[in-house]
Amino acid sequence: MIPIGSNIACAPPAAFERDAWRGAWGLGHNDWLLCYFGFLNASKGGDALIACLARLVQEGRPAHLVMIGGQVGSSDPTNQSYLEHVRRRIAGLGLQGRVHWTGFVSADEVSAHLLAADVCVLPYQDGAGRSRGSLMAGLAHGLPIVTTQPAAPLPGFSDGVNVRFTPTASAETLAAAVSDIMTNPVLRGQLASGARTLSQQYTWPAIAGQHLRLIESLP
């Protein structure tokens, strides 16, 4: 009934400069930097994410991917084996030089990596939802977001306005959505602006207010 908010505020280090942050990965202004934030597991579409990157590279796109944050958590013991599977896929596709791993970093560094990216790709196998902290972090940072169609309508989310939904988490649909965003500055700006606007519904004060109203409505 009540969503969660972002656990990462839009607050990079004081000396943050976007071009310099991207330059640390060897990226120039015209390179496409996709980002993913959160632990890896099968439900979050790591395979599809790597396949999307591979397709973009095959199409001649200057695409890179930054994997932000710790790679596995302690809640699911299968995460480690899935991470190893994803790493093998990256190596098998020859993408080692295009996939950049931050490892666990502080919250302000996570914020900087998000702000340095061009588009956030979150190919959830069971669809986007308001309990996805990574999705909320992308909104809070005003990122164009490509994610999978939710199982049920999400209040406030509108395809092409504040998010780009894909019908499936396939390499073809994800890569097409990323290409549309990166080759259309108007669309990219609309999605970024729409994400920032929508994120105001998911601030922690707003969520606290929803809890209070729910409690007050109880008999």
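Student: How many salt bridges does a search of the whole structure find?

Tutor: This is a predicted model, in which local features need pLDDT of at least 70, side-chain atom pairs count only at pLDDT 80 or more, and totals for chains, interfaces and linings use all residues. Residues are numbered from 1 along each chain as its sequence is written, and side-chain values use heavy atoms, with hydrogens and water left out. A salt bridge here is a side-chain nitrogen of Lys or Arg within 4 Å of a carboxyl oxygen of Asp or Glu. Under that rule, the number found in the whole structure is 8.

Student: R55 and E172 meet in a salt bridge; how many residues apart in sequence are the parts this pair ties together?

Tutor: The side chains of R55 and E172 come to 3.7 Å, N to O. R55 belongs to helix α2 (residues 46-58) and E172 to helix α6, so the pair links parts whose separation in sequence is 117 residues.

Student: Which other residue meets the side chain of R55 in a salt bridge, at 3.5 Å?

Tutor: R55 is partly exposed, with a relative accessible area of 31%; buried means under 20%, exposed over 50%, and partly exposed in between (1.4 Å probe, protein chains only). The partner at 3.5 Å, N to O, is also partly exposed, at 42%. That partner is E59.

Student: In the salt bridge between R164 and D159, which residue counts as buried?

Tutor: The two side chains meet at 3.6 Å, N to O. D159 has a relative accessible area of 43%, which makes it partly exposed. The residue that counts as buried, at 17%, is R164.

Student: How many disulfides does the structure hold?

Tutor: A disulfide is a pair of cysteine sulfur atoms within 2.5 Å. For C10, the closest cysteine sulfur is that of C35, 12 Å away and too far for a bond. C35 is in no disulfide either, as the nearest cysteine sulfur, that of C120, lies 4.0 Å from it. The count of disulfides is 0.

Student: Within what arc do the buried residues of α7 fall?

Tutor: The buried residues of α7 are L187, L191, A192, G194, A195, L198 and S199. Directions are taken from the helix axis to the C-beta atoms. Seen down the axis, the buried residues line one face of the helix, because they fall within an arc of 165°.

Student: Which residues are exposed on the other side of α7?

Tutor: The buried residues of α7 are covered by elements including α5 (133-140), β6 (164-166) and α6 (171-182). The exposed residues on the other side of α7 are P185, V186 and T197.

Student: Which helices are among what covers the buried residues of α6?

Tutor: In α6, the buried residues are A171, L174, A175, A177, V178, S179, I181 and M182. Contact means heavy atoms within 4.5 Å. The cover includes the strands β1 (32-37), β4 (119-122), β5 (145-148) and β6, together with the helices α2 and α7.

Conventions:
Helix = DSSP H or I, 4+ residues; strand = E, 2+ residues; numbered from the N terminus.
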